[in-house]
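Me: I am new to this structure. Please walk me through it, and tell me what stands behind each label.

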Amino acid sequence: MGDYATIVFNAFVGFILLFANLKVSDGTKTNATRLIHDLLKNYDKDARPVKNASEVLTVKVKLAYNQLQDLYWNDELLKWNASDYGGQSVLNLHPSRMWTPDIELYDNTKEDEGHISNDKFRILVNSDGSATWFITKISRSACPIDVSKFPFDTQKCKIKLGSWTYDGRALDLKLDSNAVDLAQHKENSEWKLKSVTSKRRSVKHECCPTPFIDIVYSLEFHRKALYYIMTIIIPSMLLSLLACISFLFPADSGERVSLVISVLLGLVVFMLIVNDRTPVTSDAVPMVTEFFNSIAATTVLALLATAFILRLNHVSSGVPVPRCLARVRDCIAVALCMKKESLPKRVKLNFEEILLSESSTQYINLRDFTGQIPAGRKPLTEQKILVELQKLSAHLEEESVAREMKEDWHYTMEVFDRLFFVLFFIIFCVFAAYVFSFF
């Protein structure tokens with residue numbers, strides 16, 4: 001019986017507490033409902049919330065790095081005495097139930113993102129009429145792109161906010177602070193934020209006699225070029241260096257042409273990668289595109305120079321070096337401090353004098369030359385020996401002249417080989433200095 005009385009007593013106390021909580025909640029809800037009803041009874045959300053039509057309504061704008069954050073204004077038609085409504089000093093109203101500024105993002109890229117509003121977030125209204133709208137509106141604005149220095153480019157983007165229908169006499173925009181809130185800024189792997197500035201402007205349009213007020217935020221970004229340097233620019237420069245080194249290979253090795261062609265194909269592959277990552281525009285030619293075009297043109301010239309060197313190396317024997325080419329070669333050799341190696345002089349023999357000095361002998365003893373007289377052969381006369389020796393001398397003379405011509409062509413090839421190596425190495429150094437000047 002005692003346990004039953006205890007259970008009944010606890011249930012009674014719980015019922016009383018529940019009823020008391022419901023009464024308190026019902027009283028609070030009644031005050032808020034009555035307040036909203038009284039405020040919005042004769043309220044027109046399409047009219048500016050000012051009592052004097054000539055009064056300018058001021059809206060303060062605060063921008064965060066990645067979103068429009070806050071809007072502040074004063075609604076003179078939404079003021080009340082908090083003591084008359086049970087101390088209710090703050091209301092959270094849906095944007096559709098009160099006047100909101102028609103701030104637009106100019107140059108927006110999507111139709112539904114131009115208007116700066118978000119019905120998901122309520123407006124905080126205080127008893128003194130001050131309204132605060134905390135918006136997390138993410139919009140996209142179109143910005144011009146200058147890729148002339150890509151991938152070492154710096155992009156500047158301007159975000160323009162302003163009223164679409166209210167001129168400066170009806171709505172004024174002011175900056176809540178000159179700086180942009182960068183608390184939510186996170187470092188990007190491709191872009192670095194250099195600066196953010198804001199400016200309030202009064203602009204007069206051709207359509208309207210009264211100027212409109214707008215706010216322009218200027219953001220400056222610098223592209224991080226480390227990825228392009230390590231994966232594209234440096235490998236392509238090394239390929240260009242290989243084209244220079246090809247002139248150090250012997251002309252008879254047969255690897256020159258294949259090496260230069262391989263370098264050219266490698267540059268084409270890198271150019272395809274760059275084209276996939278370069279913004280498509282015809283206003284300017286990206287620096288990296290000019291760089292690759294220059295390297296490709298240089299590689300083609302190196303291929304032509306290699307063909308010229310190989311042509312010099314395979315000139316038919318017996319063809320002398322043209323005088324004009326020899327003069328150019330000698331001038332280049334002097335500039336490059338090259339000197340032709342002198343060939344050993346050939347000793348000329350006068351076979352007639354030799355034979356006359358041995359005139360006391362009618363026949364030449366062949367045993368003096370071979371150690372024995374060939375069987376079945378008759379001794380040769382001096383005249384026949386002289387003829388044979390003259391033929392041998394003429395043959396040796398022809399071989400000597402041909403060898404001298406060949407050496408002359410080889411020397412010409414070496415001079416132009418050295419010239420092309422120096423020229424293309426200088427071009428490579430110029431390209432390297434040009435690229436690293438952007439660092």
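Reply: Start with the largest pocket: strand S7 gives the largest share of its lining, five residues. Helices (H or I, at least four residues) and strands (E, at least two) are DSSP runs, numbered from the N terminus. This is a predicted model: local features need pLDDT of at least 70, side-chain atom pairs count only at pLDDT 80 or more, and totals for chains, interfaces and linings use all residues. Residues are numbered from 1 along each chain as its sequence is written, and side-chain values use heavy atoms, with hydrogens and water left out.

Me: What makes this space a pocket, and which residues lie nearest its centre?

Reply: The search runs on a 1 Å grid over the protein atoms alone. A pocket is an open set of points with protein on both sides within 12 Å along at least five of seven lines, whereas a cavity is a set where a 1.4 Å probe fits but cannot get out. Lining residues have an atom within 4 Å of a point. The largest pocket has 31 of them, and Ser139, Cys157, Ile159, Leu219 and Phe221 lie nearest its centre. S7 (154-163), S9 (191-203) and S10 (212-223) each supply at least two lining residues.

Me: How much space lies in the largest pocket, and how is a volume defined?

Reply: About 770 Å³. Grid points are joined across faces, edges and corners, and a volume is the space filled by probe spheres set on the points.

Me: How many cavities of 30 Å³ or more are there?

Reply: One. The largest cavity holds about 30 Å³. Its lining is Ser240, Ala243, Cys244, Ile295, Thr298, Thr299 and Phe424. Helices H2 and H4 (287-313) each give two or more residues to that lining.

Me: How do you know that the span of H2 agrees with its length?

Reply: The expected span is 1.5 Å times one less than the number of residues. H2 (residues 226-245) has 20 residues, so it should span 28 Å; its end C-alpha atoms are 27 Å apart, which agrees.

Me: Where does H2 bend?

Reply: At Ile233, by about 30°. That is the angle between axes fitted to the seven residues ending there and the seven starting there. A proline, Pro235, follows within four residues.

Me: Why is Lys204 called exposed?

Reply: Exposed means over 50% relative accessible area, buried under 20%, and partly exposed in between (1.4 Å probe, protein chains only). Lys204 has 60% relative accessibility, so it counts as exposed. Lys204 lies in the loop between S9 and S10. Leaving out residues up to four places away in sequence, Lys204 touches Pro209 and Pro211; contact means heavy atoms within 4.5 Å.

Me: Is Cys337 buried or exposed, and why?

Reply: Its relative accessibility is 72%, so Cys337 counts as exposed. Cys337 sits in the loop between H5 (323-335) and H6 (351-357). Cys337 also has a positive phi of about 60° although it is not a glycine.

Me: Where is confidence lowest, and where highest?

Reply: The score is pLDDT, the predictor's confidence in each residue, from 0 to 100. The chain averages 79. Confidence is lowest in helix H7 (residues 367-370), at a mean of 47, and highest in strand S5 (residues 123-126), at 93. Over residues 17-28 pLDDT stays under 50, and the model has zero contacts there beyond four places in sequence.
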